[in-house]
Amino acid sequence: MDALIPRPALELAPGVVHVPGWLGSDEQRELVAACREWARGPVPIRHTRLPRGGVMSVQTVCVGWHWQPYRYSRTADDVNGLPVAPFPDWLVRRGRQAVARAYGASAAAERYTPDTALINFYDGDARMGMHQDKDERSSAPVVSLSIGDTCVFRVGNTETRNRPYQDVELVSGDLLVFGGPSRYIHHGVPKVRTGTADPDCGLGSGRLNITLRETGLG
Ligand SMILES: O=C(O)CCC(=O)C(=O)O
Ligand SMILES: [Fe+2]
């Protein structure tokens with residue numbers, strides 16, 4: 001849905017680029033359809049268990065490599081032990097397009113080869129606390145795609161989980177890339193605005209976020 005007031009692409013901090021409306025409705029629906037399949041199996045989407053006994057409020061399924069706190073493996077040892085679905089070539093290409101859009105076309109964007117996707121589904125009161133994505137051995141950028149309900153995404157700093165930070169709204173179809181000096185920023189999702197999804201995005205309710213990453217694992 002085109003906003004009445006256009007939202008320009010912005011570099012929020014060095015290496016953090018927000019591109020509103022990067023994905024069209026058709027592209028969003030294709031991603032939603034792919035995520036629905038991955039959510040069914042071979043490893044079903046679930047609330048990730050944390051080492052101290054809690055569970056995350058978001059539901060997550062992984063492609064390429066399985067993430068569990070705080071490591072990657074080929075098999076989902078904390079779910080059903082099965083190998084996760086392979087990372088498709090079309091998603092590598094999508095990741096390269098995202099990096100090129102955010103940072104400009106370059107040899108580095110062409111070399112970007114994400115090999116894991118974490119697919120998070122937020123419903124009800126699901127949120128994500130401030131954290132760093134630091135279980136990857138590669139320092140290549142993280143590409144984040146948002147579909148469905150709008151959320152408040154908190155862009156923090158590399159030093160602490162606290163201020164300074166800035167809050168941005170991620171709307172259905174938005175791209176956010178964080179890399180370079182901001183690859184290890186703390187970030188989180190303090191709020192999802194229930195019922196704000198674009199009706200054309202393919203998701204009836206809730207919010208879907210897909211992050212593409214290079215694990216740097218062989
Ligand atoms: O849902 C989001 O926008 C962020 C997800 C995230 O930070 C993560 O999966 O590590
Ligand atoms: Fe993250």
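**Overall dimensions**

For 218 residues, a compact globule would have a radius of gyration near 17 Å, and this protein has 16 Å, which agrees. Please keep in mind that this is a predicted model. The C-alpha trace spans about 45 × 35 × 35 Å along its principal axes. As for burial, 39% of the 218 residues count as buried.

The secondary structure comes to 3 helices and 14 strands. Then there is the contact pattern. If we take contacts between residues at least 6 apart in sequence, 74% of them join residues at least 24 apart.

**Strand β12**

Now to one strand, β12, residues 175-178.

Strand β2, residues 16-19, runs antiparallel to β12 and is joined to it by 4 bridges. Within that pairing, His18 has Leu176 of β12 as its bridge partner. Strand β9, residues 142-148, also pairs with β12 in the antiparallel sense, over 4 bridges. There, Val143 stands opposite Val177. To put the two residues of β12 side by side: Leu176 is the partner of His18, and Val177 faces Val143.

**The four-stranded sheet**

Next, an open sheet. It has 4 strands in the order β8-β13-β10-β11, with antiparallel pairing. Its edge strands are β8, residues 128-131, and β11, residues 166-170, each of which pairs on one side only. On average, neighbouring strands of this sheet are turned by 25° against each other, direction ignored.

At the β8 end, 2 bridges join β8 to β13, and the two run antiparallel. His131 has His187 in β13 as its bridge partner.

**The ligand shell**

His187 comes up again here. Which residues are around ligand 1? They are Leu118, Asn120, Met128, Asp133, Ser144, Phe153, His187, Val189, Asn209 and Thr211. Sorted by class, the shell has 4 nonpolar, 5 polar and 1 charged residues.

Where do these residues come from in the fold?

Key:
Residues numbered from 1 in each chain as written. Chains lettered and ligands numbered in written order. Predicted model: local features only at pLDDT ≥ 70, side-chain atom pairs only at ≥ 80, totals over all residues. Near = placed C-beta within 6 Å. Nonpolar A, V, L, I, M, F, W, Y, C, P; charged D, E, K, R; others polar. Pairing = 2+ DSSP bridges. Axes fitted to C-alpha atoms, helices over the stretch in contact; angles between N-to-C directions. Rg over C-alpha atoms; globule rule 2.2 N^0.38 Å. Buried ≥ 20, exposed ≤ 12 C-beta atoms within 10 Å, placed from the backbone. Contact = placed C-beta atoms within 7 Å.
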